[in-house]
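Take a look at the fold below.

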Amino acid sequence: MDLPFNTELFGVNINIHLILEYLAFFIAYRYYVFLRKRNTDVINTNNRLSIILGAALGALVGSRLVGFLENPLIEFTLNNAITLLNTKTIMGGLFGGLLGVELAKKIISEKHSSGDLFVFPIILGIFIGRIGCFLSGINEFTYGKVTTSAFGMDLGDGLLRHPTSLYELFFLIFLFIALKTVNNRLQLKNGDLFKIFMLSYFGFRFCIEFLKPNVFYTFGLSSIQILCVICWLYYSKFIASLLLGKHAR
């Protein structure tokens, strides 16, 4: 199969990445609904809907803000403005969604942790979306640097590059299984599973960024890597509790 993968339906070019993005949202939400029915949710339905709204708004703002920060020196033209409005990143979406949830919980005075039910649907959603990124090859800025390693693939420009989207797909499978195992075998405090997910995924993304041809750096780090550091600082107390073995009930 050649990359980028292109297909047509009735003579119309199909944007497979966009289709998979919408599919990721739909399937992830249905999976969340399924899990909520199977588990006792300590948060009532009205508050849960408010939390989801806060997450959605925070993710919308965060994904585009961090997407802009990945290339803040872009020349301002109408076409570039439209491109910026469409630029988004899952990392900004996750962290923006986190902040949106915390703000929503303060507004509605909800004290319970709310993230655990979202963990596995989020992983599934990211996985489906990353398939679209991989199939898009060099059409999506998620590809890796040129490499001479055995992992190099031609993503559409005739050069052998790190298939970073493919690396992430394998990591997400591992993370899903690992977190399922942890959740089943350990008695975690409410909210700890989500924190472990965030630290794990942001840790992976910090490392994988070194394999990407980023063009804008601050202190030698990309915007995504700086966000990863911010996330670790945000959860610094939890990291300390993990090191001290205080994360279990």
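Q: In which handedness of crossing does α4 pass α8?
A: This is a predicted model, in which local features need pLDDT of at least 70, side-chain atom pairs count only at pLDDT 80 or more, and totals for chains, interfaces and linings use all residues. Residues are numbered from 1 along each chain as its sequence is written, and side-chain values use heavy atoms, with hydrogens and water left out. A crossing is left-handed if the near helix is turned anticlockwise from the far one by less than a right angle, and right-handed if clockwise. For α4 and α8, the crossing is left-handed.

Q: Which residues of α8 make the contact with α4?
A: Contact means heavy atoms within 4.5 Å. From α4 come Met91, Gly92, Phe95, Leu98, Leu99 and Glu102. Their partners in α8 are Ile224, Leu227, Cys228, Ile230, Cys231 and Tyr234.

Q: Is phenylalanine 202 buried or exposed?
A: Buried means under 20% relative accessible area, exposed over 50%, partly exposed in between (1.4 Å probe, protein chains only). Phenylalanine 202 has 0% relative accessibility, so phenylalanine 202 counts as buried.

Q: Which residues does phenylalanine 202 touch, not counting residues up to four places away in sequence?
A: Phenylalanine 202 sits in helix α7 (residues 192-208). Helices here are DSSP runs (H or I, at least four residues), numbered from the N terminus. The residues touched are Met91, Leu94, Phe95, Leu227, Cys228, Cys231 and Trp232.

Q: What covers the buried residues of α6?
A: The buried residues of α6 include Tyr167, Leu169, Phe171 and Leu172. Their cover includes α5 (119-136) and α7.

How values were computed
Helix = DSSP H or I, 4+ residues; strand = E, 2+ residues; numbered from the N terminus.
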